[in-house]
Amino acid sequence: MGLGSLRSASTAAVRRWRRGVPWAPPPRPRRGLGGVAPGVSESPPTFGFLFDIDGVLVRGRYVIPAAQKAFRKLIGSNGQLRVPVVFVTNAGNCLQHVKAQELSDALGLEVSPEQVILSHSPLRLFRQFHEKCMLVSGQGPVEENARNMGFRNVVTIQDVRKAFPLLDMVDQSRRPKELPPLTTDFPTIEGIILFGEPVRWETSLQLIIDVLLSNGNPGAELAAVPYPHIPILACNMDLLWMAEAKMPRFGHGTFLVCLENIYKKVTGRELKYEALIGKPSIVTYQYAEYLIKQQVERRGWPSSICRLYAVGYIKAAGQAHAQAEVKRSVGMADPRSEGHSELGKDLYVSLESCKSILVCTGVYSHHGDVPTDPHESVTETVFHGHRDFHFDPSLVEASYVVEDVNEAVELVFKKENWSQE
């Protein structure tokens, strides 16, 4: 989670965005642009922001202009943020310090790694798996991300494919020309981490199913199907995400749908998760609140944060009973349990409210005009959440609906009687 010091990103890595597409960053605004006038004091904030990234601040490799306008309002005359801000994204195919640098270049301010939560960031909480042999799936630096989260014994899909080349048979051009020698020293896989959608879905789906059916020994002959299967930790449940294309693109949630249905079709049983993390899981939002609290302490603001505004989310984390239901449905381990989290009880931060603000620059697109009254509630007719998240229909609503992130910031400043100059 990057609470310690982190390495500097290389120039090439800094220019990479979530899907690996380079961009040309916009010029940085001058220090103090959008802040209060020099010498004018401002009361300490009692509210903060959680910002989604894709479709809210950027579309693929392009910065949304409204994002730059919004952060000019959020930067004070001293060049620092006027209120605490955390960026919460379900991206997971990059390193935390690289994502922080990308945001710095895009928004024209210094974003620290401690302000960024990736979909896999809460994996550090799952210490009971850190010593086990874990298979990791996804793209980008998944092995390095796993080790950074505390996992010490990691194997990749490519490692499995190399050790057992006869398992990957869909692409005929990749089939071995000669019968390979039998692999006898490959470790037993004790769990699976799904970081994000892979590049070759057919290979990952086949090998993950093989690992589940063989109880972690993919080279073994199938006797009886083990159930329950070995533990699965899945990050990023987004069915769709928004890039430059006019229509949304498949996300990791779509890959999970494929995996779940293949497993059920083959075995007749439900695929079970040890944990589902990333938005909208309870542990992700609680960790975001914890980082907000840390920012307040570092800045020396005397007031506690009472209200959070989650921009780019539907109902964010504002309903405690819904979050508790999610926690029960996915078997989320309690971060407060002894030996489970170095954060302990400090992870739980008391808030009066957490309001969600939906914007129309991402996956959600309001049919017709944006409501004149931003308080007007909009309910999605199709639930895109994960199979195991049994939300009440009333929770699939936003507290407010606005056109873009700049209007979201303006709305919050107005509600909080906060200066926009």
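1. Helix axes are lines fitted to C-alpha atoms, and the angle between two helices runs from 0 to 180 degrees between their N-to-C directions. Keep that in mind for point 3. Note also that this is a predicted model.

2. Start with the whole chain. The chain holds ten helices and 15 strands. Of its 421 residues, 53% are buried. Take the contacts with a separation of 6 or more: 77% of them join residues 24 or more positions apart.

3. Now look at two helices. Helix α2 covers residues 65-74, and helix α10 covers residues 405-415. Their axes lie 7 Å apart and pack at an angle of about 30°. Angles under 35 degrees count as roughly parallel, so α2 is roughly parallel to α10.

4. Which residues of α2 and α10 make the contact? From α2 come A66, A67, K69, A70, K73 and L74. From α10 come V405, N406, V409, E410 and F413. By class, the contact of α2 with α10 has seven nonpolar residues, three charged and one polar.

5. Next, the aromatic rings. A pair of aromatic rings is described by the distance of the centres and the angle of the planes. Searching the whole structure gives 13 aromatic pairs. Two of them are worth a look.

6. The pair of F47 and F413 is edge-to-face. The ring centres are 6.3 Å apart, with 75° between the planes. F47 sits in strand β1 (residues 47-51), while F413 sits in helix α10. The two are 366 residues apart, and the pair links distant parts of the chain. Are F47 and F413 buried or exposed? Both are buried. F413 also belongs to the α2 contact in point 4.

7. The pair of F71 and F87 is stacked, because the planes are at 20° and the centres 5.9 Å apart. F71 lies in helix α2 and F87 in strand β4 (residues 85-88), so this pair ties together parts that are 16 residues apart in sequence. F71 and F87 are buried.

8. Finally, check the confidence. The average pLDDT of the chain is 80, and 75% of the residues score at least 70. Over residues 1-40 the pLDDT is below 50. In the model, this stretch has 106 contacts beyond near neighbours in sequence. Residues 367-371 also have a pLDDT below 50.

Notes. Residues numbered from 1 in each chain as written. Predicted model: local features only at pLDDT ≥ 70, side-chain atom pairs only at ≥ 80, totals over all residues. Heavy atoms only, no water. Helix = DSSP H or I, 4+ residues; strand = E, 2+ residues; numbered from the N terminus. Parallel < 35°, antiparallel > 145°, perpendicular 65-115°, else oblique. Contact = heavy atoms within 4.5 Å. Nonpolar A, V, L, I, M, F, W, Y, C, P; charged D, E, K, R; others polar. Phe/Tyr/Trp six-rings, centres within 6.5 Å; stacked < 30°, edge-to-face > 60°. Buried < 20%, exposed > 50% of the residue type's maximum accessible area, 1.4 Å probe, protein only. pLDDT = per-residue confidence, 0-100.
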